[in-house]
Amino acid sequence: MHIRTILWFFTAFMISVPTPGQNHETLHFNKIAPLSVGVDFTVTSQEIIYAIEGASSEIVKISPDGEVLKQTGGFGWDAGVFDSPVAIFSNILSVFVTDKNNHRIQQFDKDLNYAGSLQTQPSGQISFPEIRYPVDCLVSPQGDYFILDSENKRILKFDPFGNFLMEFGGMNWGQYTLQTPLRLLTLNSDGIGVLEKTRLLFFSSFGTGTAMLPLPENVSSASLDNSAIYCSSGNNILIKKNGTVQGSWEQYTTDIPDPVIKIEFRSGYLYVLTAKAIFKSQEKM
């Protein structure tokens, strides 16, 4: 999604907060895999799923058919284990886990073999900023890291070698100052989005605020594609389609019994995480 598309798409929302429209038909989902305590998940373009099991502080690799291919991690402070893993992201080659209470991002290869970590003030880098209780991380197609620092309410950007580049969204960032940041959202190579409790903020890859979208109440997760934005509220799905910027959000009920923790749109399908399982829409959206 290009920045100019984002600006056009969200111009109508810069003034008033939209409200959900009437319910449409029920969306039907298939359960892919059960979880003990689901925390976060991500889906690759090959439909491989990586999920965080909160009960064991482990990360799990799951096939498109729901088979557990590998499970690794556990509680701790050493390499390859976690103290409150809260977010997971994957590109073609690697998996990145936000290890909140250890103040670091841990990297694994696609088979969940430990590869390294990015953490607070490595030896010899005095100007390196403190990463304090990170809650999300994205890696751009160019390999740059974007880390959501929850304590300081800012986004930190690092190059592929772990060198600090810049911070943005913090104090003195005007209307784009982060208030209640929850998650980061991918915008292809053009930048990133930040989900807050009441709005979505959009930044270029260089930290310039480009657009904002007020959200309906009780939105807990969001996902973007080139033609729509998807949000979850309770166990309902809200959809805003391109070309209907003046209208209401379309609100759909689901046959998922538990509240939705996170949604992710991938290859035309909507994937849903609850505390107990991962689901996939029966039909393309």
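Let's start with a charged pair: the side chains of arginine 266 and glutamate 264 meet in a salt bridge, at 3.3 Å from N to O. Keep in mind that this is a predicted model. Arginine 266 has a relative accessible area of 27%, so it counts as partly exposed. Glutamate 264 is buried, with a relative accessible area of 9%, because the cut-off for buried is under 20%.

The pair also belongs to a wider group. Asp40, Arg183, Lys262, Glu264 and Arg266 are linked in a network of salt bridges.

## Other salt bridges

How many salt bridges does a search of the whole structure find? The count comes to 13. Side chains of opposite charge can pair when their charged atoms come close.

One of them joins glutamate 167 to arginine 154, with the closest N and O atoms 2.9 Å apart. This pair ties together distant parts of the chain: glutamate 167 sits in strand 14 (residues 164-168) and arginine 154 in strand 13 (residues 154-158), 13 residues apart. Is arginine 154 buried or exposed? At 12% relative accessibility, arginine 154 is buried, while glutamate 167, at 35%, counts as partly exposed.

Then there's a pair of neighbours in sequence. Lysine 110 forms a salt bridge with aspartate 111, and their closest N and O atoms are 3.7 Å apart. Lysine 110 is partly exposed at 42% relative accessibility, and aspartate 111 is partly exposed too, with a relative accessible area of 33%.

## Strands 3 and 4

Strand 3 covers residues 38-43, and five of its six residues are buried, so the strand is largely enclosed by the rest of the structure. Its partner is strand 4 (residues 49-53); the two pair in the antiparallel sense over five bridges. If you want to see one of those contacts up close, look at valine 43, whose bridge partner in strand 4 is isoleucine 49.

Strands 3 and 4 form a hairpin with five residues between the strands. Which residue of this hairpin takes a positive phi? That's glutamate 47, with a phi near 65°.

## Serine 232

Serine 232 lies in strand 20, which runs over residues 228-233. With 0% relative accessibility, serine 232 counts as buried.

What does serine 232 touch, leaving out residues up to four places away in sequence? The list is Asn218, Val219, Ser220, Ser221, Ile237, Val260 and Ile263.

Technical notes. Residues are numbered from 1 along each chain as its sequence is written. This is a predicted model: local features need pLDDT of at least 70, side-chain atom pairs count only at pLDDT 80 or more; totals for chains, interfaces and linings use all residues. Side-chain values use heavy atoms; hydrogens and water are left out. Helices (H or I, at least four residues) and strands (E, at least two) are DSSP runs, numbered from the N terminus. Buried means under 20% relative accessible area, exposed over 50%, partly exposed in between (1.4 Å probe, protein chains only). Contact means heavy atoms within 4.5 Å. Two strands pair if DSSP finds at least two bridges between them. A salt bridge is a side-chain nitrogen of Lys or Arg within 4 Å of a carboxyl oxygen of Asp or Glu.
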